[in-house]
Amino acid sequence: MEDVVKFVFGVSGNVIALFLFLSPVPTFWRIIRRKSTEDFSGVPYSMTLLNCLLSAWYGLPFVSPNNMLVSTINGAGAAIEAVYVVIFLAFASSQRTRLRMLGLASAVSAAFAAVALASMLALHGQGRKLMCGLAATVCSICMYASPLSIMRLVVKTKSVEYMPFLLSLAVFLCGTSWFVYGLLGRDPFVAIPNGCGSFLGAVQLVLYAIYRDSNSGGKQQAGDDVEMASDAKSSKKVADDVGGKEDRLV
């Protein structure tokens, strides 16, 4: 019975996480139409790509048995994020932006390759699982923490204009699903980061409940990408960079 419940939560986590991975599609459709990345930041997508690669690797049977649902969704997420990175490189607004993004993508590839090779060539059994699990956990926690800038903006402006409710709810449900999955599987490397994600998602929902009636910033942009506002420098840039990735995250 416990295995059935774990499977159900894993499948629900896959579905919700897929929605989060696809939530930036309107942003990238805009980039393609305008043939420019404008003021958008590509950093969240490169970092999410690394998170997905590490988590997908951790879920493979020869690293962590009985975690294939972790690998399936993160494998899909890695493919989706790779497409985002390629689009960003193709339509970078300047040569400097393109070179910076290319350097970051190269660093992501090198970091994943280092973890994968070290785990395969130097480690076995629990040592391999421990190393890969720690790497995936640290990266996942960083991804779940990325909306902190948006939450700070909500408190400062007393407006939820740039924190779409459906995406906040999806982050909470995704984190909760994988947290329960990790608990049932007695896997701290799945439970801990997603427990943090569930908590941060709950905080977003609380903030939404507090400030939704005082929203003075205009219509809520529900289709934007929550994680694009990781380094908001002005209200205009935040309005462009806000979005959903949060992606994310298993």
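Among contacts in the protein chain between residues at least 6 apart in sequence, what percentage join residues at least 24 apart? The figure is 76%, where a contact means heavy atoms within 4.5 Å.

Before I go on, please keep in mind that this is a predicted model, in which local features need pLDDT of at least 70 and side-chain atom pairs count only at pLDDT 80 or more, while totals for chains, interfaces and linings use all residues. Residues are numbered from 1 along each chain as its sequence is written, and side-chain values use heavy atoms, with hydrogens and water left out.

Let me start with the overall picture. The protein chain has ten helices and zero strands, where helices are DSSP runs of H or I with at least four residues, strands are runs of E with at least two, and both are numbered from the N terminus. Of the 250 residues in the protein chain, 51% are buried, and here buried means under 20% relative accessible area, exposed means over 50%, and partly exposed lies in between, with a 1.4 Å probe and protein chains only.

Now to one pair of helices. Helix α1, residues 2-22, packs with helix α4, residues 68-90, at an angle of about 5 degrees, and their axes are 9 Å apart; the axes are lines fitted to C-alpha atoms over the stretch in contact, and angles run from 0 to 180 degrees between N-to-C directions. That makes α1 roughly parallel to α4, since angles under 35 degrees count as roughly parallel, over 145 as roughly antiparallel, 65 to 115 as roughly perpendicular and the rest as oblique. Among the residues that make the contact are Phe-7, Val-11 and Phe-21 of α1 and Leu-69, Ile-73 and Tyr-84 of α4.

Next comes helix α2, residues 25-34, where Thr-27, Phe-28, Arg-30 and Ile-31 are buried. Seen down the axis of α2, these buried residues fall within an arc of 150 degrees, so they line one face of the helix; the arc is that of the directions from the helix axis to the C-beta atoms. On the other side of α2, Trp-29 and Arg-33 are exposed. The helix is followed by Lys-35, whose phi is positive, near 55 degrees.

Finally, consider Ser-41, which has its place in the loop between α2 and α3. Is Ser-41 buried or exposed? Ser-41 counts as buried, because its relative accessibility is 18%. The C-alpha atoms of Ser-41 and Met-101 are separated by 9.2 Å, although the two residues are 60 residues apart along the chain.
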